Amino acid sequence: MVPLPAFSDNYIWLLRRQGLAAVVDPGDAEPVLRALQADGLQLRAILLTHHHNDHVGGVLELSRATGAVVYGPAGEILPQCDFPLKEGDTVELPELDLRLDVLDVPGHTAGHIAYVGRAVGLEPLLFCGDTLFAGGCGRLFEGTPAQMAASLAKFVTLRAETQVCCAHEYTLGNLRWALAVEPDNRTLQQWYERAQRLRERGLPTLPSTIGLERDTNPFLRAQQVDVAKAAAVWAGRSLTSPVEVFAVLREWKNNFK
């Protein structure tokens with residue numbers, strides 16, 4: 001499993017096994033085509049999480065060049081989608097040892113989905129698109145705070161060792177904000193230091209894990225007393241529910257410099 005860099009901060013996840021491959025959210029065809037040619041891989045499948053162009057922009061070129069089939073959210077308009085998916089569906093590709101269950105996770109977009117399960121001998125994996133980031137979550141372009149909080153709650157219940165394969169290298173900026181929310185969180189401090197070292201070496205900070213996100217990501221910690229207090233102080237008012245805390249955290253992150 002390889003995160004292929006694209007644009008300024010995207011990752012296209014490449015899954016490979018015995019000469020075959022699948023990719024998740026190919027916003028640009030060129031990095032994928034280079035990797036396929038370099039390693040002699042045949043692309044069998046393209047998995048999409050949502051409709052934004054930096055996630056789907058390479059789909060048509062890749063499909064035409066390789067014949068790969070395209071899986072994606074049933075509730076969104078995509079350049080191509082051979083298999084529309086919704087929560088309860090499963091993607092199975094035995095040749096890639098891939099079995100991924102689909103979750104509906106609206107918030108960033110109305111029809112956003114995520115994939116969780118096994119692929120290329122690795123388990124458990126979560127391909128979450130722009131719903132969850134290391135130390136953060138996606139902006140609410142089409143959904144509500146309540147929807148995004150409910151979507152993230154689905155991830156919280158996953159096994160702690162689940163590898164979180166996000167679609168952007170936003171980790172350092174997210175963790176700087178998270179430290180403003182929880183400056184005394186020692187696990188968060190250590191994670192930020194480790195992420196800094198990785199980026200200094202030009203290495204990805206991803207995948208993260210669900211366990212690490214539960215311990216460090218304010219958006220998954222809205223019910224924690226210290227997080228709720230910090231959000232109330234930033235907002236300058238009392239907050240009466242975890243969803244209200246979440247909404248304030250999202251606004252705080254939107255305005256964080």
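These legends accompany close-up views of one predicted model. In this predicted model, local features need pLDDT of at least 70 and side-chain atom pairs count only at pLDDT 80 or more, while totals for chains, interfaces and linings use all residues. Residues are numbered from 1 along each chain as its sequence is written, and side-chain values use heavy atoms, with hydrogens and water left out.

**View 1. The stretch annotated as a domain, residues 9-168.** An unreviewed UniProt entry places the feature "domain: Metallo-beta-lactamase" at these residues; UniProt positions are given in the numbering used here, feature names are shortened, and annotations may be inferred rather than shown by experiment. Over residues 9-168 the chain is 22% helix and 38% strand, where helices (H or I, at least four residues) and strands (E, at least two) are DSSP runs numbered from the N terminus. The end C-alpha atoms of this stretch are 5 Å apart.

**View 2. Strand β10 within an open sheet of six strands.** The strands follow the order β7-β8-β9-β10-β13-β14 with mixed pairing, two strands being paired if DSSP finds at least two bridges between them. The edge strands, each pairing on one side only, are β7 (90-93) and β14 (208-209). Because six of the eight residues of β10 (residues 122-129) are buried, this strand is largely enclosed by the rest of the structure; buried means under 20% relative accessible area, exposed over 50%, and partly exposed in between, with a 1.4 Å probe and protein chains only.

**View 3. The two neighbours of β10, with L126 bridged to both V116 and V164.** Strand β9 (residues 113-119) runs antiparallel to β10 and is joined to β10 by four bridges, and V116 has L126 as its bridge partner. On pairing with strand β13 (residues 163-166), β10 takes the parallel sense, again over four bridges, and here L126 has V164 as its partner. The strands β9 and β10 form a hairpin with two residues between them, and V120 in the turn has a positive phi of about 45°. A119 stands opposite L122 in β10.

**View 4. Helix α4 and K154.** Helix α4 (residues 145-156) lies across β8 (98-104), β9 and β10, and runs at about 150° to β8; axes are lines fitted to C-alpha atoms, for helices over the stretch in contact, and angles run from 0 to 180 degrees between N-to-C directions. K154, found in this helix, counts as partly exposed because its relative accessibility is 28%. Not counting residues up to four places away in sequence, K154 touches E87, L103 and D104, where contact means heavy atoms within 4.5 Å.

**View 5. The packing of helix α1 against helix α3.** Helix α1 (residues 29-39) and helix α3 (residues 59-66) pack at an angle of about 30°, with their axes 9 Å apart. That angle makes α1 roughly parallel to α3, since angles under 35 degrees count as roughly parallel, over 145 as roughly antiparallel, 65 to 115 as roughly perpendicular and the rest as oblique. A29, V32, L33 and L36 of α1 make the contact with E61, L62, A65 and T66 of α3.

**View 6. Buried residues of helix α8.** In helix α8 (residues 225-235), V227, A230, A231 and A232 are buried, and their cover includes α5 (171-181) and α9 (242-254). Just after α8, G236 takes a positive phi of about 75°.
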